[in-house]
Amino acid sequence: MMTTSANSSTENRKPKTENCTSSPYEAPRPQLARPLVWVTISFILGVAAPSWGLKIPPGWVAAGAAGLWLLLALAWRTRRRAAWLPLALFFLLGAAFYQQAQQPLFPAQHLTRLPLEQDLTLRGKLYRPAKIGAHSVQLFLEAEACREPGGWSPVSGKLLVTAPALPPPPVGAAVVLKARLRAPRTPKNPGSFDQARYLAADGIFRAAHLRQPEDLIILANAGASPLRERLRGSIRVLLQELPAAPRAMYLAMLLGDQGEITLQMRQAFSRTGTSHLLVINGMHLGAVAMVTYFLCFWGLGRFPRLLLRVNAVKVSTLISALPVAAYAWMAGGSPSTQRAEVMVLACLMLLFLGRPREVWSALALAALIILGLSPLRLYSISFQLSFAAVAALIYFLPRWFQGARERFSHQGWKEKLPARVRLWLKEAAAASLVATLATAPLVAVYFQTVSLLGAAVNLAAIPLVLFLALPLGEAAVLSQTLHLTPVAQGLLGLGQVPLWLGYEAIAGTARLPGSAFTVSTPTWVQIAAYFLLWIFLFPPRRQWWTWLAAGLAGLVLVGTMTLPPIPAPKDLEVTCLDSGGGLAGLAVAPEGERLVFSAPGPSWPGRTSSGPGILPGYLHWRQCRRLDQVMALGLAQRNAPELLALARRFTVGQFWFGHRGPEGPAYYELMNLLGDEGRFPRSLGRGRPPGNLGSVGLEYPPVGEDKGTALQLSYQGRLVLVIPPGVRLKAGELAVSPGSRVAALIIPGRSACDLAALSAVFQPEIVTIYAASGKDLDAPVRAGGSRCLFTAEGAVSLRISALGAVASQWRP
């Protein structure tokens, strides 16, 4: 009986599979790991697709999204897996979001409906803290009304106002200004910064420039200043007691105000790869969160009974989120600060939910939120640098230090403490190295500078600046909020010590020869090969094909860096760039020698250039390193910053200048720099300018009523005449030598009015008109049999040979 019972029970325990029918749920298919990451990547690819030339009509986007939704519903109904469907849907959503952000539907009373280049009187309020520069200030205005003959009419929209150096009004101040609206424009040249897209990411589609401070009036009856502005003003007063360098750095780190950062300081931070310390980003907010978290966790650990009732990790995480939000609010809510706040809060949320290892999902969630609110943020340098650095840290550090902490987990505290210190130093050094290597290509793209000592300097500067000086500064802000001014003064005085030590380390390293070097703008092929090389050198699983892929990526990287991306021309090449109102271009001889020509456009008194111009970006895009001649056919404050950037970033043989216009700070700085280096600029009229550029002949005939200087290039019996702006060339003013023919005529829009007469005299094959478009000319352009090209439609490149001239135009 016992045997029978045992056999019976054994049979009952056997799985009865004979009558079971197969079910699709018995063997589930493997799911996609971290779906949020793949969805975010698809969305990013969709946002980036239009910039690669993939432009999908809006109707097709809507039809494709609707079709994908139907397929998703069908897959859910039939219980079929189709992972590619949501990925394709988010790709289309990314493309649709990009197109909507670039060309939104504006209401009838928007600023974009107002006329351009006409004197207008606008009223509005400042919605963001001003950006203070060395010679100007940028104000961010939310327009409310526009003055018309019948009274004030309501308008809406954001406006970027550039004004001469003046004390910035507080946020929330009501102002009235008189200015001319203009649409932000990106020069249509290779290598030019897309200013229009950069502003569109902030919802700004119109800009204005004040000619004088009196054009801005701050209304007195606008009410009391907001709490944030009162607090920011009190912090500024406290910081006035600090020395210059710590005060400037505290203003930048606490308030986002870089107005007191001098040019020498910017150069020192740029050469050492520490410019990120001056911009409020994820490192600043993360440092505040980290210090707060460990202080709270340590404090809770002092009360064992309290730990029985509360979760120390979750409480510390919640408390850490408060100073992060307060810091971002205090800094003014700039786009980079908002992006950093989202990233840090996403990481704190995962820590609060008990999933600290899901860092990839936190990074993807932060990116999806930021790009969902503003897709054009994908193209901002701060977004790219931050996410590249964080992604590299998440990918590489666990592979380099896997299992390192478990090695001394069973040791005593006397043996464990030195081992932990050594490990912490190794991790800090590795983190600094990884972040520097991950962001090096992007820094080269945007700044054309690579720091050789960036990892070492960051290893010393980050603990001093971010983990000591910054928390003390934030504690001072909190004390000032509670009206504890003496405590705030003491904290700032204490915080200036590590801040000064960090700056001295940065400045001392920047003075070392070879601490940084200038590079050309890398191509996207080089950037992709660079990142793939590092990824395949440290793959998740090392196999034979990962070594092969790393070798191929290295060959592509070395090959593209060794071979020039643009081969040297066999004939004379002359390129005229789209520079707005001025003249900028490059001439390359068959022997490879290069000549840069430049001249400023018309300006009003007191107006200065807003940046280094378009020539440095174009020359870096062509990966030029040496310029044999720089010809400033006109030299003034308008083009002096551009020439100053050329003198600093390139090896220049000789500087020559023609007519001199209004001078300014950049003009004097250019003269001082060239004088200190022993390369005094020489006059085209009184000196002996070069008569040739390789096999290309050079002449400098005087033109115009004020006898400006033109540039004439001759090659194999063909001539190229370059006329500077501000000169109205008249027929018969220039004589062409017998046996020569004018292959190309490069003239400003002002001279294009006489194009018919000029064509009858010179009979050029090609006429290139800069500083104007076909719509801007008062009279129709008739050039006979000549071909007319406008640089406003794209940079124009001319190839001159004995057979004639061939023109090509760059299209963005």
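Is the crossing of H18 and H19 left-handed or right-handed? In this predicted model, the crossing of H18 and H19 is left-handed, and the crossing of H3 and H4 is likewise left-handed.

**Helices H18 and H19**

- Helix H18, covering residues 524–537, and helix H19, covering residues 544–562, have axes that come within 8 Å and cross at roughly 150 degrees.
- Because angles over 145 degrees count as roughly antiparallel, H18 is roughly antiparallel to H19.
- On the H18 side, the contact is made by Val525, Gln526, Ala529, Tyr530, Leu532, Leu533, Phe536 and Leu537, while the residues that H19 contributes include Trp545, Trp547, Ala549, Ala553, Val556, Leu557 and Met561.
- Sorted by class, the contact of H18 with H19 holds 15 nonpolar and 4 polar residues, with no charged residues.

**Helices H3 and H4**

- The axes of helix H3 (residues 58–77) and helix H4 (residues 84–102) come within 9 Å, and the angle at which they cross is roughly 155 degrees.
- H3 and H4 are therefore roughly antiparallel to each other.
- H3 makes its part of the contact with Pro58, Val61, Gly64, Ala65, Leu68, Trp69, Leu71, Leu72 and Ala75, and H4 makes its part with Trp84, Leu85, Pro86, Ala88, Leu89, Leu92, Ala96 and Gln99.
- The contact of H3 with H4 has 15 nonpolar residues and 2 polar residues, and no charged residues.

- The largest cavity has a volume of about 50 Å³, and the residues that line the largest cavity are Ala632, Leu635, Leu643, Phe655, Trp656, Phe657, Leu670, Met671, Leu674 and Pro681.
- Strand S13 (626–635), strand S14 (651–660) and helix H22 (665–676) are the elements that each give two or more residues to this lining.
- By class, the lining of the largest cavity consists of 10 nonpolar residues, with no polar and no charged residues.

Methods: Residues numbered from 1 in each chain as written. Predicted model: local features only at pLDDT ≥ 70, side-chain atom pairs only at ≥ 80, totals over all residues. Heavy atoms only, no water. Axes fitted to C-alpha atoms, helices over the stretch in contact; angles between N-to-C directions. Helix = DSSP H or I, 4+ residues; strand = E, 2+ residues; numbered from the N terminus. Parallel < 35°, antiparallel > 145°, perpendicular 65-115°, else oblique. Left-handed = near helix turned anticlockwise from the far one by under 90°. Contact = heavy atoms within 4.5 Å. Nonpolar A, V, L, I, M, F, W, Y, C, P; charged D, E, K, R; others polar. 1 Å grid on protein atoms, 1.4 Å probe; cavity = no way out; pocket = protein on both sides within 12 Å on 5 of 7 lines; lining within 4 Å. Points joined across faces, edges and corners; volume = space filled by probe spheres on them.
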